[in-house]
Amino acid sequence: MKITQYILCISFSLTSIYLQAQIAAKVESDTIFIQASSTEKVLNLGAEHEVFENLESLPGVQLRQYGTNTLASISINGSTPNQVSSFWNGVPINNFMVGQLDLSQLHPFLIDQLSISHSPEKTTNTQIGGQLHVSSDFTVGDPSLWTVIEKGSFGHRSIGLGHSYVSNKWAFKHRILSESTDNDFEYTIPNTDVRRTNTNAASKRTAGVFQARYHLNPSNTFKSSVWLQSHDRQLPPTIVQNESTASQKDHIARGHLTWNNQNNSFQNEHSISFSKDRILYTASLSSAAILSEFDQGTLQGKVKKSTEKKEWFLAYRSSHLRADINSYETVVNENRTEVSGFFKINSSSLSWSHQLYVKARDFEQFLPGGQSTLSYITSPSLNLSLIVGRRVRWPSLNELYWRPGGQESLSPEIGWEAILEGHWTPQPNIVISSRAYHKKIDNQILWSFGDNTSFWEAYNIESVHSTGANLTTRYIGSSLEIRLSYDFNRSIFLEDLNFPKISAGDQQWYMPLHQLQHTLAYSFSHFEIRWDGQWSSSSRGINANISEYWVQDVSLTGKYSIMGIENEWNLLCNNIFDAYYEIIERRPLPGRQFILRYLIKI
């Protein structure tokens, strides 16, 4: 799904987006490589693709965009965004205040890899909705200096600068970005002839990622990363509002230091990280601002031993959370810890792994969980995998402490899930992937009006069931690429709700039952032309239902070299047929939009 109002476009400094379906031992993971080493088996999806669209093209993934400049989040296999764990370079980045990661804060210029995973091999998988991994790292072939310039419709303009240096001992990689957009697109209010301009919608972002790596000796390596970002954004009116003067300022600081040690017996990785989110929200010019500050410090580590036939590890993660928010009655401090053990046994055609974990809240409440994975390689071209797990989620701080509406008596969510996957490669350039899943979530937390209240409040409902399937077919030829994908997701409530009005058996909000995606790309000489599209069926909203939509994009890319300096340009037209569409009701997204990018890489 194109979330075009953020113009989160892959810059040409990132050369290409790659999608790799993880098969064999890691059949349960799906990865997008924005940069990749030459040794990785990758499928080129083209530099013009956006992070959000590619995430939603992965099996079982759906995205939610609450209009221009507002919250963007991810759902996996019928989960809610709060049930997805997000990590940057292996350290947690979910905002525990709201319980999820705001994807609008991710710009592709600052990251190298995205992946969706249900496996505990990368990090402990204890969350109900799977994991989103974001990586900013050193990659083979990084240029020493690069810059990308963008100019597009609705006042979009950006410039990114990157620099990298690698020696035997030291490596550095720095990226800085400046981006702004007016988002002043026009749209027609549904079922009327009224044309309106999207007002109070400007956005300005300044960000940088700074990284260093030091090889002390062949066994010990230290890495550090810092992410700094300032994002000022106006919040436009919905289609039922005449105007808006609301705005929000987000300031983010994240950093971590990691030590890796490898010897003949064990592999050790330990890290310490810190993040600070500061959000200043102003509802109107005459109202007082709401200031929210959230700090998270995390200590985590893993001790691992692996051989050709066996693998095991012990892992720990302990996070201290501190929230100072106007709408809380007090400053909140909590500790959330998890300890897990994992082992895996491999044979020539079969692998079995099992994970057990315990999650603790303030070392007073404890929840156990686990997951088993059985992978079977029937032939070099066919791989099957079965995943069964019990996962848990503590309530977010808002769900517990927000006033009014938070409930400190909330129970944690408990989820049971089974996933069956298959990957078939009938020809070297043809891959057919399928996935089926069923998930049962008890005590799912929802916000709605209480029976005797006039405000939204959080409470547990009895159970939610999600059943779905995905089928994806890809053909990659020397000059032609074709991809077709279909998603089915039936995610239903098992009890009646008063407001919003829901009957048992109704689909969850903002989860379309059917989705289709397609890609057709043709390369010739130094050029590539590409056509992408996505169709989504109608879905249930809280105030009104969301109509089905079909959005299509085309692009033309050219590459050339002058005196050893690489140059690339890209002309992109998003939503070429100017379709009106919403993901969240009453919040329009941009129509036809043009973007021109130019990269110089030394």
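Reader: Where is N460 placed in this structure?
Author: In this predicted model, N460 belongs to strand β28, which covers residues 456-460.

Reader: Is N460 buried, partly exposed or exposed, and why?
Author: N460 counts as partly exposed because its relative accessibility is 23%. The limit for a buried residue is under 20% relative accessible area.

Reader: Which residues is N460 in contact with, leaving aside its neighbours within four places in sequence?
Author: N460 is in contact with L410, S411, N443, Q444 and I445.

Reader: How many residues apart along the chain are N460 and S411, and what separates their C-alpha atoms?
Author: N460 and S411 are 49 residues apart along the chain, and 6.9 Å separates their C-alpha atoms.

Reader: What does the side chain of N460 reach in S411?
Author: The N460 side chain reaches the backbone nitrogen of S411, at a distance of 2.9 Å.

Reader: Let me change topic. How many aromatic pairs does the structure hold?
Author: The structure holds 19 aromatic pairs. One of them is formed by W170 and F172, which are stacked, with 5.6 Å from centre to centre and 5° between the planes.

Reader: What about the exposure of W170 and F172?
Author: W170 counts as partly exposed because its relative accessibility is 39%. F172 also counts as partly exposed, because its relative accessibility is 28%.

Reader: And why is the pair of F266 and W312 edge-to-face?
Author: The planes of F266 and W312 are at 75°, with the ring centres 6.0 Å apart, so the pair is edge-to-face. Planes over 60 degrees apart count as edge-to-face.

Reader: Where in the chain are F266 and W312?
Author: F266 is in the loop between β17 (247-262) and β18 (267-282), while W312 is in strand β20 (residues 310-325). The pair links distant parts of the chain, as the two residues are 46 residues apart. F266 is partly exposed, with a relative accessible area of 32%, and W312 counts as partly exposed at 32% relative accessibility.

Reader: What lies over the face of F266?
Author: K305 lies over the face of F266, at 5.4 Å from the ring centre. Likewise, K302 lies over the face of F313, at 4.5 Å from the ring centre.

Reader: One more: which residues do ring pairs link into a cluster?
Author: The cluster linked by ring pairs consists of F154, F185, Y187 and Y580.

Technical notes. Residues numbered from 1 in each chain as written. Predicted model: local features only at pLDDT ≥ 70, side-chain atom pairs only at ≥ 80, totals over all residues. Heavy atoms only, no water. Helix = DSSP H or I, 4+ residues; strand = E, 2+ residues; numbered from the N terminus. Buried < 20%, exposed > 50% of the residue type's maximum accessible area, 1.4 Å probe, protein only. Contact = heavy atoms within 4.5 Å. Polar contact = N/O pair within 3.5 Å; in protein donor to acceptor, adjacent residues only side chain to side chain. Phe/Tyr/Trp six-rings, centres within 6.5 Å; stacked < 30°, edge-to-face > 60°. Lys NZ or Arg CZ within 6 Å of the ring centre and 35° of its normal.
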